[in-house]
Amino acid sequence: MVKNSDLESLSIARLRYLAPWDVLRGSFRKGIVAVVGDAMHVVGPFLGQGGSAAIEDAIVLARCFARNMHGGQVIEHKVGEAMDEYVKERRMRLVWLSTQTYLVGLLVKKSPWLVRFVCNILMMVFFSDSSAHTRWWYLPKTHGHHLLGEAMDEYVKERRMRLVWLSTQTYLVGLLVKKSPWLVRFVCNILMMVFFSDSSAHTRYDCGCL
Ligand SMILES: Cc1cc2nc3c(=O)[nH]c(=O)nc-3n(C[C@H](O)[C@H](O)[C@H](O)COP(=O)(O)OP(=O)(O)OC[C@H]3O[C@@H](n4cnc5c(N)ncnc54)[C@H](O)[C@@H]3O)c2cc1C
């Protein structure tokens, strides 16, 4: 893919990486601003976990806010507390992720054999289970698995119709864009006019609050 690309279209970015000791020491919150995702724990591409970890962050942050809500509102002075809880809850998970990335990075970049030997030992001792990330548990132990399943069912139920509409609209637009036969386009246009004439409807979609 790289070989066939126009050189002008390539942009080379430096790989960024936050070391485990920086994850341990970082405050990650200032006032009512906290960071999530790569801004908090950029881990390089070696593990394929950065994006997933960002989603975990969002879940934990949302939960910490929810714990500090009162009558559907986050109380102002509790915002900082909620963010501190979030950083505390995430820190050790991220230290482990960062450590694993660090070790894999040392192996990938062909370090001296002794370094690689030690890395391999550490990988075998601490990270031998390559599917461990898929089982990482980001809910408090008090929540049972059955609650997680129920929550996910509710989520799917709540999202389904919104997504059916989105998908239908994409389908119709797709048929129009790819120059389908005139009858298909005619029907699509009618359907678009009847169901999707309001082009700003998406901006008013309300997914509710936490
Ligand atoms: C080569 C490679 C492969 C990867 N493979 C995987 C994988 O397989 N699985 C996985 O889970 N993760 C993978 N990752 C990691 C994953 O891509 C990142 O961890 C994830 O994208 C981080 O999401 P984010 O929202 O925190 O940051 P980003 O995705 O970087 O989003 C930040 C956004 O903010 C924008 N932005 C920056 N500055 C400003 C500004 N001043 N104003 C407005 N907008 C701004 C940026 O343009 C960007 O769109 C990979 C990373 C790389 C580099």
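**Helices and cores**

Let's start where two helices meet: H4 and H5 cross in a left-handed way, meaning that the near helix is turned anticlockwise from the far one by less than a right angle. The model is predicted, so local features need pLDDT of at least 70 and side-chain atom pairs count only at pLDDT 80 or more, while totals for chains, interfaces and linings use all residues. Residues are numbered from 1 along each chain as its sequence is written.

Two packed helices are described by the angle between their axes and the distance between the axes. Here the axes of H4 and H5 (residues 113-126) come within 9 Å and cross at roughly 140 degrees. Axes are lines fitted to C-alpha atoms, for helices over the stretch in contact, with angles from 0 to 180 degrees between N-to-C directions. Helices themselves are DSSP runs (H or I, at least four residues), numbered from the N terminus.

Now look for the largest nonpolar core, whose 10 residues include Phe28, Leu61 and Tyr86. Such a core is a set of buried Ala, Val, Leu, Ile, Met, Phe, Trp, Tyr and Cys residues joined through C-beta atoms within 7 Å; buried means that 20 or more other C-beta atoms, placed from the backbone, lie within 10 Å of a residue's own. Helices H3 (50-67) and H4 (78-108) each supply at least two residues of this core, and H4 gives the most, with 4 residues. Apart from this core lies another, of 6 residues, among them Leu18 and Leu97.

Finally, step back: domain 1 covers 7-138 and domain 2 covers 147-204, with bounds from an automatic or database domain assignment. Their C-alpha centres lie 35 Å apart.

Technical notes. A residue is buried if 20 or more other C-beta atoms lie within 10 Å of its own, exposed if 12 or fewer, and partly exposed in between; C-beta atoms are placed from the backbone.
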